[in-house]
Amino acid sequence: MTEQGNANVQASTSTQTTIDEPSMYNVYLLNDDYTPMDFVTEILKTIFRKSSEDAETVMLKIHEDGKGIAGTYPHEIAEQKAIETTSQARSQGHPLNCTIEKA
């Protein structure tokens, strides 16, 4: 094959790849009658990296509305944050629950 023939073959085999952004998921903390507000605030600060003021605001929303968004992440990270939250709550004897829902 000639050099020009090779150039034509190489040009026709290029492909274009598009990468979609991952779907985002909200991690909701659910209110209960037993988990102390201070513990929820601490979870929001340590696991979800909220400032003290933001953690307090989200904690009050959870308390008043029954649930609140702790954070929004790709699915795997949202799942991990939910597992960490539940694990830490159980290790300290609190029934705090959380869910993840597509944002």
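Visitor: Which exposed residues does the face of α3 turned away from its buried side carry?
Guide: That face carries E53, T57 and E64. Keep in mind that this is a predicted model.

Visitor: And which residues of α3 are buried?
Guide: A55, V58, M59 and I62 are buried in α3. Looking down the axis of α3, the buried residues fall within an arc of 105°, so they line one face of the helix.

Visitor: What do those buried residues pack against?
Guide: They pack against β1 (24-30), α2 (37-46) and β2 (67-74).

Visitor: How far apart are the end C-alpha atoms of α3, and why is that the span to expect?
Guide: They are 20 Å apart. Helix α3 covers residues 52-65, which is 14 residues, and at 1.5 Å a residue it should span 20 Å, so the two values agree.

Visitor: What comes just after α3?
Guide: G66 does, and it takes a positive phi of about 95°.

Visitor: New topic. How many helices and strands are in the protein chain?
Guide: The chain has 4 helices and 3 strands. Along the sequence they follow the pattern α-β-α-α-β-α-β.

Visitor: What share of the residues is buried?
Guide: Of the 103 residues in the protein chain, 30% are buried.

Visitor: And the surface, what does it come to?
Guide: The accessible surface of the protein chain is about 7,000 Å², and 48% of it belongs to carbon and sulfur atoms.

Visitor: Last one: among contacts between residues at least 6 apart in sequence, what share joins residues at least 24 apart?
Guide: In the protein chain, 71% of those contacts do.

Definitions and conventions: Residues numbered from 1 in each chain as written. Predicted model: local features only at pLDDT ≥ 70, side-chain atom pairs only at ≥ 80, totals over all residues. Heavy atoms only, no water. Helix = DSSP H or I, 4+ residues; strand = E, 2+ residues; numbered from the N terminus. Expected span 1.5 Å × (residues − 1). Buried < 20%, exposed > 50% of the residue type's maximum accessible area, 1.4 Å probe, protein only. Arc of directions from axis to C-beta. Contact = heavy atoms within 4.5 Å. Areas by Shrake-Rupley, 256 points an atom, 1.4 Å probe, with all protein chains shown as cover.
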